[in-house]
Amino acid sequence: MDTDKNYDAFPGQDRSKPLYLNEANWVPPENPLAYDDIVKVSNCVACDVLNITIPGGTEDCVDAVRGKNLYLDHCEFIPGGNGAITIKGAFTGVQINDCVFHPANKREIELGQFDNYWYPGRPPTRNVRISGSYRVDSKPIRVVLWDANDVIAEKSNIK
């Protein structure tokens, strides 16, 4: 299995070092398709991504695995590959607020994808809320659930 090539990777953030990506401290890649994922977070707690436009790599704009408390607020996602956001690995506590999605090739959001760290009995990806978000073409945001609990959608059109 090949290792992903990610533009910005943030492994192991914790409450003593919260992750904040915003207009002041993030520069998008010149060639997003040279990467698999643009923003990759793993084993993170308290990760906030605010007010930025994230282009997609060949896989996703954002890929999050094994963590909790990911907050995506007022972001724009422009997928270059299969999707905009993948959240997996028993991740818990995701809030997607007032975000704009451009259509992806397969789906905009994928939750609970089976990963290299999956094992029988592992908790599902859970506590995901999408609020005030939409697709630019007015079609529903396509959400795929694997090993994940249902999404709570408020003021958002999802399928």
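**View 1. V144 lies in strand β15.** This is a predicted model, in which local features need pLDDT of at least 70 and side-chain atom pairs count only at pLDDT 80 or more, while totals for chains, interfaces and linings use all residues. Residues are numbered from 1 along each chain as its sequence is written, and side-chain values use heavy atoms, with hydrogens and water left out. Strands (E, at least two residues) are DSSP runs, numbered from the N terminus. V144 is partly exposed, with a relative accessible area of 27%. Here, buried means under 20% relative accessible area, exposed means over 50%, and partly exposed lies in between (1.4 Å probe, protein chains only).

**View 2. F114, W118 and W146 make a nonpolar surface patch.** The patch covers about 340 Å². Patch members have over 30% relative accessible area and no salt bridge; nonpolar side chains (Val, Leu, Ile, Met, Phe, Trp, Tyr) are joined within 5 Å, and like charges within 9 Å. A salt bridge, in turn, is a side-chain nitrogen of Lys or Arg within 4 Å of a carboxyl oxygen of Asp or Glu. Accessible areas come from the Shrake-Rupley method with a 1.4 Å probe, and for residues the protein chains shown are what counts as cover. Where does W146 sit? Its place is the loop between β15 (143-145) and β16 (152-154). W146 is partly exposed, at a relative accessible area of 47%.

**View 3. Six strands form an open parallel sheet.** What is the order of the strands? It runs β2-β4-β7-β10-β13-β16. β2 (19-21) and β16 stand at the edges. Each has a single partner strand, so one side of each is left without a neighbour in the sheet. From one strand to the next, the twist averages 10°. Angles run from 0 to 180 degrees between N-to-C directions, with axes fitted as lines to C-alpha atoms.

**View 4. β2, β4, β7 and β10 pair in the parallel sense.** Two strands pair if DSSP finds at least two bridges between them. Three bridges link β2 to β4 (residues 45-50). In that pair, L21 has V49 of β4 as its bridge partner. How many bridges join β4 to β7 (residues 68-73)? There are five, and the two strands run parallel. C47 stands opposite L70 in β7. Five bridges also join β7 to β10 (residues 92-97), again in parallel. There, L72 stands opposite I96 of β10.

**View 5. L19 lies in strand β2.** Is L19 buried or exposed? At 6% relative accessibility, L19 counts as buried. L19 and G56 are 37 residues apart in sequence. Their C-alpha atoms are 20 Å apart in space.

**View 6. C44 and C47 are in no disulfide.** A disulfide is a covalent bond between the sulfur atoms of two cysteines. The rule used here asks for a pair of cysteine sulfur atoms within 2.5 Å. By this rule, the count comes to zero disulfides. For C44, the nearest cysteine sulfur is that of C47, 3.5 Å away. For C47, the nearest is that of C44, at 3.5 Å. C44 counts as buried, at 0% relative accessibility. C47 is buried too, with a relative accessible area of 0%.

**View 7. A46 and N127 have a positive phi.** Most residues other than glycine have a negative phi. A46 is not a glycine, yet its phi is about 65°. A46 lies in strand β4 and counts as buried at 16% relative accessibility. N127 is not a glycine either, and its phi is about 60°. Which strand holds N127? N127 lies in β13 (residues 126-131). N127 counts as exposed, at 53% relative accessibility.

**View 8. Strand β3 (residues 37-42) is largely enclosed.** Why is β3 described in this way? Six of its six residues are buried, so the strand is largely enclosed by the rest of the structure. β3 runs parallel to β6 (residues 60-65), and five bridges join them. D37 stands opposite D60 in β6.

Terms used:
Helix = DSSP H or I, 4+ residues; strand = E, 2+ residues; numbered from the N terminus.
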